[in-house]
Amino acid sequence: MQGVNQFIQNFPRLKALWQYRSFVAGMVWREFREQYLGALFGGMWSIFNPMAMILIYTIIFSKIMRARIPGIEDNLGFGLFLCAGLLPWNFFSELMSRYPTLFLQYKNLIKKISFPKITLPFIILLSSAIHFMIIFSIFQIFLLITGRHHGWVMIGFIPLLMLQQSIALGLGIFLGTLNVFFRDVAQFVSIIVQFWFWFTPIIYPIMILPEKVRILLTYNPMTNIVIGYQQMILYGKWPVWTGFWWHILFAIFVLFLGFKVFRKLSNELVDEL
Amino acid sequence: MTMVIQAINLGKKYKRYPNQWSRFAEWLLGERYHNHEEKWVLRGVTFKLESGEALGIVGQNGAGKSTLLKIIAGTTAPNEGKVVTSGKISALLELGIGLHPDFTGRENATMICRMAGMPPDEINSLLPEIEGFSELKDYFDQPMRVYSTGMEMRLAFSSSTAERPDLLIIDEAFAVGDAYFSHKCINRIRDFKKKGTSLLFVSHAPGAIKTICDRALLIDGGMIIKDGDPDVVLDYYNAMIAKQNKDYEIRQVENKLGRTVTRSGNKKAYIDDLDLFDMKGRSARAFQVGDKVLIRCQVKFREAMENPTVGILIRDRLGCDIFGTNTFYLGKDEENFQDGEQIDVCFTLDLNLGYGSYSLCVAVHSGADHLRENYDWWDQCLSFQVIPNNSFYFLGVAALPLKVEIRKVESNKEMCEFGDS
């Protein structure tokens, strides 16, 4: 604790974030509880929902529709392939759809109570992380039960998820700030995210694409990240870490851009809400 | 004395764009393109607040009071000038903000403390105190949607003031809740003040400002137009909200004792003289409790008018209204007067007031109050003392006649009964 306190003294915004950690935790807990308030089964729904999703992908696609990925004989293969890309993508796209309207959602708090606004993107990041953790744990259990778990290689998800969510956080703060001034941003982003989904090899393997399109797709930072997830789940292979250097630079760039724009416009932002 | 607030030349403006495209063009083209109106809602506001001082802010709707509070509370930043605050600030700007209807009072109280950046262990130690002060009892663990507005206010006030701040900011919207709890709040505020908390308080209730504040600011059109004693500032404000005629003027003149007082009105009729007499017909300024007095008010008319009203108002030393009435309410306003005519209006009353000094305010206007047309309104025109008579000692501002009886009670069954021989 002492060490953390010393370190953050140098960064006023981080310092505010650290000082307000109990506020962030409280808001995350409130967001979670709010969803299941008044339900008989309460928080159990946060488990039922992802369970249903995983069963649909694996059983319907693999067993009933008999969808296959070239090169994999496993009859659960396509279902696992889908889950490997789709679960982290949903985590990413949840942020991308919530961040643009972030400051509008907390309009009343921002206008009437003095607290560091930078806590808001982290509240959403953590509350979606809780949901992802639940769904991901269920998926891991599913892999163990069906005997397709590849052991320690799953640790590889952690750096890739961090990279992916850093990109979402940076873009989100940038877009969320802009959206206060131009409400078109949120509308535009929701269209872009749909295209982005189809331009990422999530529900199709990248191998089935023609050579030219495949090269085009490598400019999408999510492509390599999603392929990394699929490799770990399907083959138990570690991602090729050296392929991610420009993703890291891109994440640093969007984080910098997001915080910079937020800092510049944060005073004006309050008056526009 | 340490400064809690130092506001230097504060200004706040809002940009108004004709449409979103012109804002977009401005963003793209930068300095070269300029297509917005600037509206200053606050400008050149400079004041200081010392620790332990209570400052009231008055002004009409849209004068800039709330903007000023928001700048000081830190929710919005000024466009020019700066404000330096020191110590812990607790701001109650609006009721219900940050409260979630589906969560219990306890959970919401915790959240209010968290929003103030308090660490969890400190919040836990404050919760029993919040529960006790709010007096919500079993409601404290009920969801907030079953709360009344008053209960919401009790929770919000208790939570926001659980720990003594160095500066407490309260906006007028907060003034709900029953008389009992209001007193409790005021006592807590007074207690904080003694310990060095400063108070910034916006209210439309002159009584509240006069009782709590040591100083008041009058804000109009985004500027401070008066800064001084609450009663002087409030009298000026009171005069300002009267209907504005072109020949209407507000002056702050010295009264017979050399104090600055407010006099306003269009002077179509004016108060020539005001005097107080005892029952022997002598002009006097000191009376015993219960003395009969005569208030004589001389009014001159500068133009012919129908049914003017002459009113008197007695205030205590804090400026709180004690008693006031006028010829309209007394049913004596059915008369017409000519230009140049002069009248004497005499009110005779028993001064059943508590000990202390009082001021007398007098006014000539049309209708029931001065808001329709104000001819002349003279605040604190004269003051007088009420001293003890040879009857019993008492507290307060009202001398109520009473009797007391003490009887021994033989057993529990025999209680005091009214109307008993």
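This is a predicted model: local features need pLDDT of at least 70, side-chain atom pairs count only at pLDDT 80 or more; totals for chains, interfaces and linings use all residues.
Biologist: How many helices and strands does chain B have?
Modeller: Chain B has 421 residues, and 36% of them are buried. Its C-alpha atoms fill a box of roughly 80 × 80 × 40 Å along the principal axes. The count for chain B is 8 helices and 21 strands.

Biologist: What share of the contacts in chain B with a separation of 6 or more comes from residues 24 or more positions apart?
Modeller: Take the contacts in chain B with a separation of 6 or more. Residues 24 or more positions apart account for 71%.

Biologist: Where does the largest nonpolar core lie?
Modeller: This core has 143 residues. Those with the most contacts inside it include B:L55, B:I57, B:I169 and B:L200. Domain 1 (3–228) and domain 2 (251–387) of chain B both contribute residues, so the core lies between them.

Biologist: Which residues does B:L200 contact, leaving aside neighbours within four places in sequence?
Modeller: B:L200 is among the residues with the most contacts inside the largest nonpolar core. With neighbours within four places set aside, its contacts are B:L49, B:L55, B:I57, B:L69, B:I72, B:L167 and B:I169.

Biologist: Why is strand β16 of chain B described as largely enclosed by the rest of the structure?
Modeller: The strand spans residues 308–315. A residue is buried if 20 or more other C-beta atoms lie within 10 Å of its own. β16(B) is largely enclosed because the buried residues number 7 of the 8.

Biologist: Which residue of β20(B) stands opposite B:I314?
Modeller: β16(B) pairs with strand β20 (residues 356–366) of chain B. The sense is antiparallel, over 8 bridges. Opposite B:I314 stands B:L360.

Biologist: What is the bridge partner of B:R315 in β17(B)?
Modeller: Strand β17 of chain B covers residues 321–326. It runs antiparallel to β16(B), joined by 5 bridges. The partner of B:R315 is B:D321.

Biologist: Which residue takes a positive phi in the hairpin of β16(B) and β17(B)?
Modeller: The hairpin has 5 residues between the strands. A phi near 95° belongs to B:G319.

Biologist: Is B:K137 buried or exposed?
Modeller: B:K137 sits in the loop between α4 and α5 of chain B. Its phi is positive, about 50°, although it is not a glycine. Because 10 other C-beta atoms lie within 10 Å, B:K137 is exposed.

Biologist: How many other C-beta atoms lie within 10 Å of B:E135?
Modeller: B:E135 lies in the loop between α4 (120–134) and α5 (149–160) of chain B. It is not a glycine, yet has a positive phi of about 55°. Most residues other than glycine have a negative phi. B:E135 is partly exposed, and the number of other C-beta atoms within 10 Å is 14.

Biologist: Which helices do the buried residues of α4(A) pack against?
Modeller: Helix α4 of chain A runs over residues 45–64. Its buried residues are A:P50, A:I54, A:Y57, A:T58, A:F61 and A:S62. Just after α4(A), A:R66 takes a positive phi of about 55°. The buried residues pack against α5 (77–98) and α8 (119–145) of chain A.

Biologist: Which element gives the most to the side of chain A that touches chain B?
Modeller: The contact takes 20 residues from chain A and 24 residues from chain B. Elements of chain A giving two or more residues are α3 (21–36), α7 (107–112) and α13 (245–272). By class, this side of chain A has 9 nonpolar, 6 polar and 5 charged residues. The most, 5 residues, come from α3(A).

Note on methods:
Residues are numbered from 1 along each chain as its sequence is written. Chains are lettered from A and ligands numbered from 1 in the order in which they are written. A residue is buried if 20 or more other C-beta atoms lie within 10 Å of its own, exposed if 12 or fewer, and partly exposed in between; C-beta atoms are placed from the backbone. Helices (H or I, at least four residues) and strands (E, at least two) are DSSP runs, numbered from the N terminus. Two residues are in contact if their C-beta atoms, placed from the backbone, lie within 7 Å. Ala, Val, Leu, Ile, Met, Phe, Trp, Tyr, Cys and Pro count as nonpolar, Asp, Glu, Lys and Arg as charged, and the others, Gly among them, as polar. A nonpolar core is a set of buried Ala, Val, Leu, Ile, Met, Phe, Trp, Tyr and Cys residues joined through C-beta atoms within 7 Å. Domain bounds come from an automatic or database domain assignment. Two strands pair if DSSP finds at least two bridges between them.
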